[in-house]
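Please open the model in your viewer and keep a selection panel at hand.

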Amino acid sequence: MFNLGKPKFRVKRWSQNYAPNPAMLRLVLEHEGFRVSQWGDSPGAVFPNYKHPKLQSHWVVSGALEFTINNEIFTLEAGDRSFLDAQTYQSMRVVSEDFAIYLVGEKIDK
């Protein structure tokens, strides 16, 4: 089946029996060729529709984030990871009652 221009957004759910470790997650992202930054936002924080020029991956360390892409809603909790095509419009908000900490990886050109 053809993609017909709809951007891809994929979520990989955390399946480990232990809490995510931000240092280890950062190492995985860097090994995969991402430039990584760590973010933290308060409950209710909102980031309206925006896009990035390169493939992105968000990896939630704690709290919960809700992404809206093409009118579909995806919620990521601690340990969950997203993959988002370049040039894809997204909005995001913190939906947990606690502060959300997450890593954002942007693919580095080689």
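What follows is a series of selections, each with a note on what is found there.

The model is predicted, so to speak of local features a pLDDT of at least 70 is needed and side-chain atom pairs count only at pLDDT 80 or more, whereas totals for chains, interfaces and linings use all residues. Residues are numbered from 1 along each chain as its sequence is written, and side-chain values use heavy atoms, with hydrogens and water left out.

**The sheet**

Begin by selecting the five strands that form an open sheet in the order S1-S7-S4-S9-S2, with antiparallel pairing; strands (E, at least two residues) and helices (H or I, at least four) are DSSP runs numbered from the N terminus, and two strands pair if DSSP finds at least two bridges between them. Strand S1 (9–12) and strand S2 (34–41) stand at the edges, and because each has a single partner strand, one side of each is left without a neighbour in the sheet. On average, neighbouring strands of this sheet are turned by 20 degrees against each other, direction ignored.

Next, select S1 together with strand S7 (residues 81–84), to which four bridges join it in an antiparallel arrangement; Arg10 has Phe83 in S7 as its bridge partner.

**The salt bridges**

The whole structure holds six salt bridges, each a side-chain nitrogen of Lys or Arg within 4 Å of a carboxyl oxygen of Asp or Glu.

Select Arg81 and Glu32, whose side chains meet in a salt bridge at 2.5 Å, N to O. Arg81 belongs to strand S7 and Glu32 to the loop between H1 and S2, 49 residues apart. Are these two residues buried or exposed? Arg81 is buried at 5% relative accessible area, while Glu32 is partly exposed at 32%; buried means under 20%, exposed over 50%, and partly exposed in between (1.4 Å probe, protein chains only).

Finally, select Asp109 and Lys54, which form a salt bridge at 3.2 Å, N to O. Asp109 lies in the segment after S9 and Lys54 in the loop between strand S3 (46–50) and S4, so the pair ties together parts 55 residues apart in sequence.

Note on methods
Axes fitted to C-alpha atoms, helices over the stretch in contact; angles between N-to-C directions.
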